Amino acid sequence: NITETTGTCQVIAITSESKKPLKWSPAAIYRHAIRDKYLKIILNQTAGIAYKWFRNEFCEDLKDDDRDAFKIMDELAEKEPPLSKGLTFFPHMTGMVFPFSDETLKGVFFGVSLDTNRGFFIRSIMEGVGYMLKESIEEMGLHPSSITSLGGGAKSPLWCQIKANICETKITVMKNNESTSLGAAVIGGVAVGIFDDFESASDHIVKKLDFYPMPELIEVYERGFSEYKSMYGAFSTIFHSRSNTN
């Protein structure tokens, strides 16, 4: 089972019967709440916080609307085409932890032109976080048939669909996105005997919606992902040089 939580950070959790990494990686490994299982955690430091940062700094006018500013941002992004007309977001605004540890890195919007509007920037943030998710899964040697999406990012249908297209797998959203509180309640429920075990407790968790990859966009996002993957090599030398001169 694989979950991804897009909150302030992006947290990817893999339930496994082995405590050994699927391949070498800086992923943290914990003993699972379920007996004889282990939890492997990958942390990417900048995810939903990048979306919130953009709202606070560049979408002040949307805050006065009667609706949630994030929903309006989603609508602006949905109007724009996949790959945001060549605008790609490198989301490591506070350094990279996975798959490399590099605290010198900063975020980059690459490919800005005179016709780049606010919707392109918003969509590129969603796509950049989606690429980060796919990279983490690939680096762990995983090929999931589905990923459960949690956290504030799971409230955006557009973001979930983008992740499904990029990762080429089904994204499932639960009715309760607040996974930390829900998990604590389930563990407590098993401990006091409300549920017999975690399997029976999971039957009470309601699935909300599934998002499937759109075949016509898989090749499109493969190109976008390939460009994203090249960015670390392209930008790291510049950021390392800056760090050495400060």
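**View 1. Glu4 is a buried residue of strand E1.** Glu4 counts as buried because its relative accessibility is 0%; buried means under 20% relative accessible area, exposed over 50%, and partly exposed in between (1.4 Å probe, protein chains only). The model is predicted: local features need pLDDT of at least 70, side-chain atom pairs count only at pLDDT 80 or more, and totals for chains, interfaces and linings use all residues. Residues are numbered from 1 along each chain as its sequence is written, and side-chain values use heavy atoms, with hydrogens and water left out. Leaving aside neighbours within four places in sequence, Glu4 is in contact (heavy atoms within 4.5 Å) with Gln10, Val11, Ile12, Leu133, Ile147, Thr148, Ser149, Leu150 and Lys163.

**View 2. Strand E2 pairs with E1 and with E4.** Helices (H or I, at least four residues) and strands (E, at least two) are DSSP runs, numbered from the N terminus. Two strands pair if DSSP finds at least two bridges between them. E1 (residues 2–6) and E2 pair in the antiparallel sense over five bridges. A hairpin of three residues joins E1 to E2. Glu4 has Ile12 of E2 as its bridge partner. E2 and E4 (residues 38–44) run antiparallel, joined by seven bridges. Here Ala13 is bridged to Ile41 of E4. E2 (residues 10–16) is mostly covered, with five of its seven residues buried.

View 3. Leaving aside neighbours within four places in sequence, Leu39 is in contact with Ala13, Ile14, Thr15, Ala28, Ile29, Tyr30 and His32. Ala27 and Leu39 are 12 residues apart in sequence and 9.9 Å apart in space, C-alpha to C-alpha.

**View 4. Helix H2 has a capped N-terminal end.** A side-chain oxygen of Asp68 lies 2.8 Å from the backbone nitrogen of Phe70. A polar contact is a pair of N or O atoms within 3.5 Å; within protein, one must be able to donate a hydrogen and the other to accept it, and residues adjacent in sequence count only if both atoms are side-chain atoms. In H2 (residues 69–78), Ala69, Ile72, Met73, Asp74 and Ala77 are buried. Helices H1 (48–58), H3 (118–139) and H4 (157–167) are among the elements that cover the buried residues of H2.

**View 5. The largest nonpolar core has 37 residues.** Such a core is a set of buried Ala, Val, Leu, Ile, Met, Phe, Trp, Tyr and Cys residues joined through side-chain atoms within 4.5 Å. Tyr51, Phe54, Met73, Phe90, Met126, Tyr131 and Tyr221 touch the most other members. H1, H2, strand E5 (88–90), H3, H4 and helix H7 (215–245) each supply at least two residues of this core. Another core, of 18 residues, lies apart from it; among them are Ala27, Ile137, Ala154 and Ala164. Not counting residues up to four places away in sequence, Met126 touches Tyr51, Asp74, Ala77, Ser156, Leu158, Trp159 and Ile162.

**View 6. Ser145 is an exposed loop residue.** Ser145 lies between H3 and strand E7 (146–150). Its relative accessible area is 66%, so Ser145 is exposed. Leaving aside neighbours within four places in sequence, Ser145 is in contact with Thr169 and Lys170.
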